[in-house]
Amino acid sequence: MTTYTLIASTVVGSSTSVSLGSIPQGYDDLVLVWKGGSTSAPSNGYGFKVTFNGSTGGYQNLIMRNNAGVALSAYKYANWGYIQANTLGDEAPYEALVVMNISEYSKTNKFKNATVQFNAPTRPQQATIGARWDNTAAITSIQIGDDFGNSIYGRFYLYGIGN
Amino acid sequence: MSFMLLGILNSQATGGGAYTGPAFDHIQTVNTTGNNVQFNNLDALEDYKHLQIRYSGRVGGGVNSVQLRMQMNNDTGSNYSRHWLYAYLAGLGITSSSSINQTDIQLGDLTGTAQPSYIFSSGIVDILDFHSIDKTTNVQIMSTEMRGDLSNGDIRLSGGVYNSANALTSIKIFNTYTTFESGTTFALYGRRG
C-alpha cells in the first residue's frame with residue numbers, strides 16, 4: 001500500500017539536459033524533485049525548463065514570483081515551448097530547489113497539469129507556478145534543461161503516487 | 001552532451017540499510033459524477049497523523065468554473081476560516097484575501113464544460129494532525145485552474161481552519177452549483193506518524 005515510490009534518480013555533474021525515460025504508467029501522479037544549477041552565471045529570469053515526451057509546444061505557464069525586497073509579480077507564458085520550472089541564483093552557486101507535482105500524467109482524456117514550487121536562495125527568489133501541457137498523450141519521459149543554454153548539474157528524483 | 005538515464009530504478013528507497021519510513025499510503029480514490037464526495041470513518045485511520053487529498057476535476061453546467069469547497073464532520077455552521085494568495089490571469093496580477101466565520105473552506109476553482117473538454121483543474125490538499133482533540137484543524141491547499149485561452153484562472157495557495165477541537169471523522173468535498181464531470185477523481189492518502 002506504500003505509494004510514494006522512487007521511480008528514478010540520477011546525479012548529473014555537467015550536461016546540457018537530463019532525461020528521465022520509460023516512466024511506468026501505473027501511478028496517478030508524479031512528483032519530480034531536484035536541487036540543481038547552472039555551471040555558469042545565468043541571465044536574469046532564465047533557469048531550468050521542463051518538457052514532456054520531447055515535445056516543444058503547447059505549454060501554458062502562470063507564475064507567482066517574489067524577489068527579495070520586491071512585491072510579488074505575476075507572469076504568463078502562453079503557448080510556450082516548455083514549463084518554466086525555476087530561475088537560478090545570480091550568485092554562485094547558481095542553484096534552485098524545486099518540487100514539481102504532475103497530476104494524472106497517464107490519462108489520455110486530459111491535458112496535463114503541473115504545479116511547481118521553487119526557491120533560488122542566492123538570488124533570492126521563490127515562486128509557485130501553475131502549468132498545463134495541452135496534450136492528451138500519456139507522459140512517458142521528462143526532459144530537464146537550461147533555457148539560457150548553459151550546462152546543468154544536480155540531483156534529480158522522480159516519485160510515483162497512486163494505488 | 002546529453003545525459004540519459006536508461007531504465008527505471010525501482011524502489012531504491014527500500015535498498016539495504018536505506019531509510020524506509022514514515023510511509024505515505026493510498027487510502028481511497030473516488031471517481032464521481034455526483035456533486036459531492038464524502039470520506040468517512042476517518043477516526044478508524046489510527047496509523048496516520050496527516051491526510052492528503054489530490055484531485056483532478058471538472059464540472060458540468062456549461063460554466064467556465066465553479067468553486068470547490070470542503071466541510072468537516074458534517075458541520076455546516078459558520079465554523080471555518082479561509083485565506084488565499086493567488087496569481088490570476090484576467091489582467092495578470094496577484095492578490096490575497098481572508099474571511100472568518102464561513103460555512104466551508106474553499107479549495108480552488110474547478111474548470112467547467114464551457115471550456116475545452118480536455119481541460120481539468122487539479123489541487124493538493126494537506127490536512128494536518130486530524131486526530132487531534134486539543135486544537136483546531138488546519139488545511140493548506142495548492143491548486144490551479146486555467147482557461148483554455150488563458151483569459152482567466154489562477155495558481156492559488158490557500159489555507160483553511162476548521163474552528164473545532166474535535167477529531168475529524170469525515171470530510172465532504174462539494175460544489176454548490178452542478179455535478180462533476182466524468183474523469184473527476186479525488187484520492188485520499190495518509191501519512192504515518
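Here is what to select, stop by stop.

**Before you start**

This is a predicted model, where local features need pLDDT of at least 70 and side-chain atom pairs count only at pLDDT 80 or more, while totals for chains, interfaces and linings use all residues. Residues are numbered from 1 along each chain as its sequence is written, chains are lettered from A and ligands numbered from 1 in the order in which they are written, and side-chain values use heavy atoms, with hydrogens and water left out.

**Stop 1: the sheet in chain A**

Show chain A as a cartoon. You'll find an open sheet of eight antiparallel strands, in the order β1-β12-β3-β8-β9-β10-β5-β6. Strands here are DSSP runs (E, at least two residues), numbered from the N terminus, and two of them pair if DSSP finds at least two bridges between them. Now colour β1 (5-15) and β6 (73-80) of chain A: these are the edge strands, each pairing on one side only. From one strand to the next, the twist averages 15 degrees, using axes that are lines fitted to C-alpha atoms, with angles from 0 to 180 degrees between N-to-C directions.

**Stop 2: one strand pair**

Select residues 95-103 (β8) and 112-120 (β9) of chain A, which run antiparallel and share seven bridges. Click on A:M100 and look across to β9: A:V116 stands opposite.

**Stop 3**

Most residues other than glycine have a negative phi, and most peptide bonds are trans. Which way does phi go at A:E104? It is positive, about 50 degrees, although A:E104 is not a glycine. You'll find A:E104 in the loop between β8 and β9 of chain A.

Next, pick A:P93, in the loop between β7 (83-87) and β8 of chain A. The peptide bond from A:A92 to A:P93 is cis, with omega near 0 degrees. Then jump to A:P124, in the loop between β9 and β10 (125-133) of chain A. The bond from A:R123 to A:P124 is cis too, with omega near -20 degrees.

**Stop 4: where the chains meet**

In contact (heavy atoms within 4.5 Å) are 49 residues of chain B and 53 residues of chain A. About 4100 Å² is buried between them, 62% of it from carbon and sulfur atoms; that is the accessible area (1.4 Å probe) lost on putting the two together, summed over both.

How many salt bridges cross this interface? The rule finds one, counting a Lys or Arg side-chain nitrogen within 4 Å of an Asp or Glu carboxyl oxygen. Select B:R54 and A:D29 to see their side chains meet, 2.7 Å from N to O.

**Stop 5: a link within chain B**

Finish with B:D129 and B:K49, another salt bridge (3.8 Å, N to O). B:D129 sits in the loop between β9 (121-127) and β10 (137-146) of chain B and B:K49 in strand β4 (residues 48-59), so the pair ties together parts 80 residues apart in sequence.

Conventions. Helix = DSSP H or I, 4+ residues; strand = E, 2+ residues; numbered from the N terminus.
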